[in-house]
Each structure stands twice: as C-alpha cells, then as structure tokens.
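Subject: Structure handover

Hello,

Here is the structure I said I would pass on. My notes on it follow below.

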Amino acid sequence: MPPEPTRRALPWRVRLPLTALLAALLFWAGTYDVTVFAWLTAGWQRLLAAVGLSGLAQRIQQGISGDVTTRSLPAMLTYGLAYTGVCLLILALLIPRRALRTAGGLYLGVFALSALLLLGGKAAGDVRWAYQLGRRLIDFIVSPLPVIALVPLLRWHYAQPGPASVTES
C-alpha cells in the first residue's frame with residue numbers, strides 16, 4: 001500500500017484572513033444575537049410545523065426552567081452548536097493539529113458538565129443553583145473567551161522544541 005499523503009497546513013497568509021473573517025462572524029452573531037435568535041426561532045417553528053412536531057416542541061419548552069433559558073430550545077441549541085463550531089474552526093486555524101484534540105475535549109467536557117448540572121437540577125426537583133451554574137458554563141463556552149485563552153496556551157504547550165543550544169565550557 002502506498003503511504004498516505006501528508007496533509008499540509010494552510011499558509012499563514014490564508015489562515016489569518018480566514019480567522020479574522022470567522023472572528024468577525026462571531027462578533028456579528030454576538031452583537032445581533034436577538035436578530036439571530038429571531039431567525040432561528042422562526043426557522044425552527046416552520047420546520048417543526050412542517051413535520052407535525054410543533055405541539056411536542058411547545059410541551060418540551062414549557063418544561064424548561066427560566067433559569068436555563070427563556071428562548072426557544074432548538075434555536076438556543078442551534079446557535080450554541082454553530083458558535084462553538086466556528087470557535088473550533090478558529091482554533092483549528094491557529095493551533096497545532098495535535099492540540100486540536102485537547103481543545104475539542106475541553107469543549108466537550110464543559111458541555112458535558114453543563115448537561116449534567118442541568119439534567120441533575122431537573123431530576124432533583126428544579127434545583128436553581130444547578131441550573132444557574134450550568135447556564136453560566138454554557139454562557140462561558142459559547143463566547144470568544146475560551147478561544148482567547150486556548151490559542152496561546154495550546155500553542156505554548158504543544159510548541160515544537162527548538163534546537164538545543166550548545167555551550168562550550
């Protein structure tokens with residue numbers, strides 16, 4: 001079998017403008033989140049009505065605590081996953097490839113912890129502190145802060161060792 005071709009990273013002259021474009025998209029989505037949520041909510045309502053599940057979606061929404069969200073659950077999940085996806089794309093452009101698994105694991109871990117808090121709070125009879133902590137974790141991970149922190153940390157942690165310096169005594 002022939003060896004697999006090695007994948008080459010995009011040159012920095014392509015990665016940096018693409019990163020800036022994605023960062024601008026995140027800034028726009030964060031600035032106009034009310035508009036984005038209105039579009040997503042309307043889209044999900046039309047889609048769920050078209051497949052006959054609008055009643056089910058309304059019943060699920062009524063069971064969600066106001067401490068978790070007051071927005072449409074499908075819209076909130078779509079926004080969160082899209083925002084996180086763009087953040088992971090930015091990380092993929094700026095950190096070494098071997099560091100991307102670590103970044104993905106950190107994102108997944110925070111989302112899992114949030115889900116455990118929210119589901120545990122629901123199972124324990126609407127425990128407010130669990131809802132609030134889970135919501136704060138979601139607000140943190142669906143923001144640019146993890147990217148701002150992870151880029152320098154992961155670039156430093158996964159940096160290629162430089163050539164050993166030789167000193168003569």
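**After α5**

G125 comes after helix α5 and has a positive phi, near 95 degrees. Please keep in mind that this is a predicted model.

**The chain as a whole**

The protein chain has seven helices and zero strands, so its pattern along the sequence reads α-α-α-α-α-α-α. Of its 169 residues, 29% count as buried.

**Helix α5**

α5 is made up of 27 residues. From its first C-alpha to its last it reaches 39 Å, close to the 39 Å expected at 1.5 Å a residue. The buried residues in this helix are A99, A103, Y107, S114, L117, L118 and G121. What they pack against is α4, α6 (128-141) and α7 (145-157).

**α4 against α5**

Helix α4 covers residues 73-94 and helix α5 covers residues 97-123. Their axes come within 10 Å and cross at roughly 160 degrees. Angles over 145 degrees count as roughly antiparallel, and α4 and α5 are therefore roughly antiparallel to each other. The crossing in which α4 passes α5 is right-handed.

On the α4 side, the contact is made by T84, C87, L88, L91 and A92. On the α5 side, L100, A103, G104, Y107 and F111 take part. Sorted by class, this contact has eight nonpolar residues, two polar ones and no charged ones. Two of the α5 residues in the contact, A103 and Y107, are also listed among the buried residues of that helix.

**The loop between α4 and α5**

I95 lies in the loop between these two helices. Is I95 buried or exposed? Its relative accessible area is 4%, and under 20% counts as buried, so I95 is buried.

Leaving out residues up to four places away in sequence, I95 touches L100, A103, L150, V151, L154 and R155. L100 and A103 also belong to the α5 side of the contact with α4. L150 is 55 residues away from I95 along the chain, and the C-alpha atoms of the two are separated by 8.7 Å.

Regards

Methods
Residues numbered from 1 in each chain as written. Predicted model: local features only at pLDDT ≥ 70, side-chain atom pairs only at ≥ 80, totals over all residues. Heavy atoms only, no water. Axes fitted to C-alpha atoms, helices over the stretch in contact; angles between N-to-C directions. Helix = DSSP H or I, 4+ residues; strand = E, 2+ residues; numbered from the N terminus. Parallel < 35°, antiparallel > 145°, perpendicular 65-115°, else oblique. Left-handed = near helix turned anticlockwise from the far one by under 90°. Contact = heavy atoms within 4.5 Å. Nonpolar A, V, L, I, M, F, W, Y, C, P; charged D, E, K, R; others polar. Expected span 1.5 Å × (residues − 1). Buried < 20%, exposed > 50% of the residue type's maximum accessible area, 1.4 Å probe, protein only.
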